[in-house]
Amino acid sequence: MGMKTHNNDGMPDSDETGQAGVLSQSKDQHLAMRGNDSQLRESTDIDNGKTSLNCGKCVAAREEAAGLREGTVHLREKAATSREQGIRETESAQIASDEHRLMLQQVNERLVITTIEAQKLAEQLQMTKDQMEIAKAVAEKANLAKSEFLSSMSHELRTPLNAILGFAQLLEVGTPRPTPAQKLRVDEIIKAGWYLLELINEILDLAMIESGKVTLLIESVLLMDVMLECMAMIEPQAQQHGIKIILHPIDNTWLAKADRTRVKQVLLNLLSNAIKYNSKQGTIEVACTLNTTARIRISIKDSGAGLSPEQLAQLFQSFNRLGQEAGLEQGTGIGLVVSKHLVELMGGSIGVESTVGVGSEFWIELMSDGALHSVDNATANVTPIPMTQNNPALSTVLYVEDNLVNIMLVEHIISDLPHLRLLSASDGVQGIALARSQLPAIILLDITLPDMSGIDVLKMLQLDPSTAHIPLIALSGNALASNIQQGLEAGFFRYLTKPIKVKELINALNDALTLSKTPDIQSNKGQQA
């Protein structure tokens with residue numbers, strides 16, 4: 001304000017000076033500020049550059065962080081998935097474990113139940129086994145009783161038949177000869193008696209077969225011999241009916257594996273049927289052929305009425321005579337059934353081919369046993385047994401029998417044989433005593449004696465040197481095949497069955513008498529008439 005002033009340096013200030021100074025200072029300040037601005041801008045640029053650099057790094061860092069975050073997220077997701085999978089697997093394993101545990105529990109329960117049931121079954125099986133053993137024992141006892149009954153029944157039935165047929169045969173051939181009317185009556189008695197005997201035999205055979213008690217002696221059988229024997233036995237029946245039998249040539253070396261007695265029984269049954277049911281003046285053709293190396297066929301062909309298919313279907317039925325019940329020919333309807341069983345028991349077969357109005361052809365097939373290459377001499381190696389010559393007892397027959405009717409019958413038979421005389425004993429002890437004291441030429445021996453078996457008598461006589469040479473003939477009502485086989489194996493010269501066939505007995509006596517006069521006593525023992 002017009003006043004001088006002094007600055008801090010002591011210099012006077014004026015307004016102008018002051019203003020100039022202010023301007024100068026302002027200028028300087030302005031320059032300074034510009035400089036500062038430049039520096040600031042430079043600094044800012046630097047800072048911006050740094051900031052840009054830092055921002056790039058930040059972006060990279062952020063990107064890296066984002067990548068890490070994504071990786072972390074991925075890892076977390078993967079870990080979560082793994083945890084979930086693990087949880088699921090754990091749950092599945094737990095479920096499986098629970099199911100397995102449940103299954104084991106169920107199996108264990110079933111095992112316990114099965115064990116209990118097995119124990120019960122074992123107890124039942126043991127009970128069944130015990131019952132079966134009891135039943136088996138009862139069956140064996142019943143079979144034994146049945147066998148004893150059959151044997152007893154055979155003996156009991158044959159004993160009265162023996163008297164009927166025996167005396168009827170004596171009447172037939174006795175002196176004086178029967179008148180024609182008497183002969184007709186005797187023939188009817190004999191015919192009915194033999195028919196009754198046939199019926200008894202077949203019923204007993206069937207009963208034995210069904211009970212499994214049939215005993216077979218399987219051996220090599222020369223078929224030529226069997227066929228010729230059957231032809232000789234059946235020829236009288238064929239002639240009586242006016243039937244011609246044609247036996248075709250048979251190889252005389254063929255052997256069959258069979259029971260000789262049973263083969264004859266079957267063939268005789270078939271031949272008898274072929275005669276009975278043939279046409280008038282008919283024919284029968286008998287042939288034997290070798291079908292294979294293992295089978296031999298015997299066929300019997302008739303010229304009868306033949307069989308219809310309906311009859312063929314009923315052929316092997318017991319007691320079925322296929323409508324022939326009202327016919328003139330007698331029959332039982334059992335023979336074919338028995339024959340079928342016997343053939344099959346021997347390993348063979350039986351069959352028939354038939355045409356109505358033409359005839360029937362029955363056949364059996366047996367197992368072949370090869371061919372006979374050489375015939376052995378049965379007596380070549382027999383050691384002679386010395387005998388006392390000029391024995392006054394050579395014409396004596398000792399009959400050991402407890403049935404008076406049977407003794408009377410044999411007395412009548414032997415009374416017609418002047419070269420023989422009869423002694424009798426009613427029991428085994430008396431028979432042995434008479435045999436030792438009288439030394440008979442022949443001994444007739446019943447099997448069923450009151451004090452001992454005829455087999456025991458036979459053995460005691462065989463052990464005694466003074467009676468061992470005497471031929472013994474069994475004359476018994478025990479006519480089962482097993483009885484016959486047992487007797488022959490024991491050493492009987494012949495085993496004849498009751499009812500007595502007079503001619504058969506006379507032939508056996510003559511054969512035994514011839515044998516007793518020769519030193520070759522043992523060579524022919526054990527034959528069946």
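This report walks through the fold, sheet, cores, salt bridges and backbone details of a predicted model.

## Overall make-up

The protein chain has 529 residues, of which 34% count as buried. Its secondary structure comes to 11 helices and 14 strands.

Strands of a sheet pair through backbone hydrogen bonds, either parallel or antiparallel.

Strands S12 and S13 (residues 472-476) run parallel and are joined by three bridges. Leu444 stands opposite Ile473 in S13.

Leu439 is in the loop between H8 and S12.

The loop between H9 and S13 holds His469. This histidine counts as buried, at 16% relative accessibility. Its side chain reaches the backbone oxygen of Ser466 at 3.5 Å.

## Nonpolar cores

In soluble globular proteins, nonpolar side chains tend to be buried together. Here the largest nonpolar core has 45 residues. Those with the most contacts inside it are Leu267, Leu271, Ile284, Val286, Ile300 and Ile364.

Ile300 shows how such a residue is surrounded. Leaving aside residues up to four places away in sequence, Ile300 touches Leu267, Leu270, Leu271, Ala274, Ile284, Glu285, Val286, Ser360, Glu361 and Phe362.

A second, separate core has 25 residues. Among them are Ile407, Val410, Ile500 and Ala508.

## Salt bridges

Side chains of opposite charge can pair when their charged atoms come close. The structure holds 11 salt bridges.

| Pair | N to O distance | Accessibility of each residue |
|---|---|---|
| Asp98 and Arg101 | 2.8 Å | Asp98 34%, Arg101 41% |
| Glu344 and Lys340 | 2.7 Å | Glu344 40%, Lys340 27% |
| Lys498 and Asp446 | 3.7 Å | Lys498 0%, Asp446 0% |

What separates Asp98 and Arg101 in helix H1? The two are three residues apart in H1 (residues 15-173), which means a separation of about one helical turn. Asp98 is partly exposed. Arg101 is also partly exposed.

Glu344 and Lys340 belong to helix H6 (residues 335-345). They are four residues apart, again about one helical turn. Glu344 counts as partly exposed, and so does Lys340.

Are Lys498 and Asp446 buried or exposed? Lys498 counts as buried, and Asp446 is buried too. The side chains of Lys498 and Asp446 meet at 3.7 Å. Lys498 lies in the loop between strand S14 (494-497) and helix H11 (502-516), and Asp446 in the loop between strand S12 (442-445) and helix H9 (454-463), so the pair ties together parts that are 52 residues apart in sequence.

Salt bridges also link Glu172, Lys183 and Asp187 in a network.

## Backbone details

Most residues other than glycine have a negative phi, and most peptide bonds are trans. Three places in this model depart from that pattern.

The peptide bond from Lys498 to Pro499 is cis, with omega near 0°. Pro499 is found in the loop between S14 and H11.

Gln281 has a positive phi, near 55°. The residue is found in the loop between helix H4 (260-276) and strand S6 (283-290). Gln281 is exposed, with a relative accessible area of 65%.

Leu439 also has a positive phi, near 45°. This leucine, in the loop between H8 and S12, is partly exposed at 25% relative accessible area.

Conventions: Residues are numbered from 1 along each chain as its sequence is written. This is a predicted model: local features need pLDDT of at least 70, side-chain atom pairs count only at pLDDT 80 or more; totals for chains, interfaces and linings use all residues. Side-chain values use heavy atoms; hydrogens and water are left out. A salt bridge is a side-chain nitrogen of Lys or Arg within 4 Å of a carboxyl oxygen of Asp or Glu. Buried means under 20% relative accessible area, exposed over 50%, partly exposed in between (1.4 Å probe, protein chains only). Two strands pair if DSSP finds at least two bridges between them. A nonpolar core is a set of buried Ala, Val, Leu, Ile, Met, Phe, Trp, Tyr and Cys residues joined through side-chain atoms within 4.5 Å. Contact means heavy atoms within 4.5 Å. A polar contact is a pair of N or O atoms within 3.5 Å; within protein, one must be able to donate a hydrogen and the other to accept it, and residues adjacent in sequence count only if both atoms are side-chain atoms.
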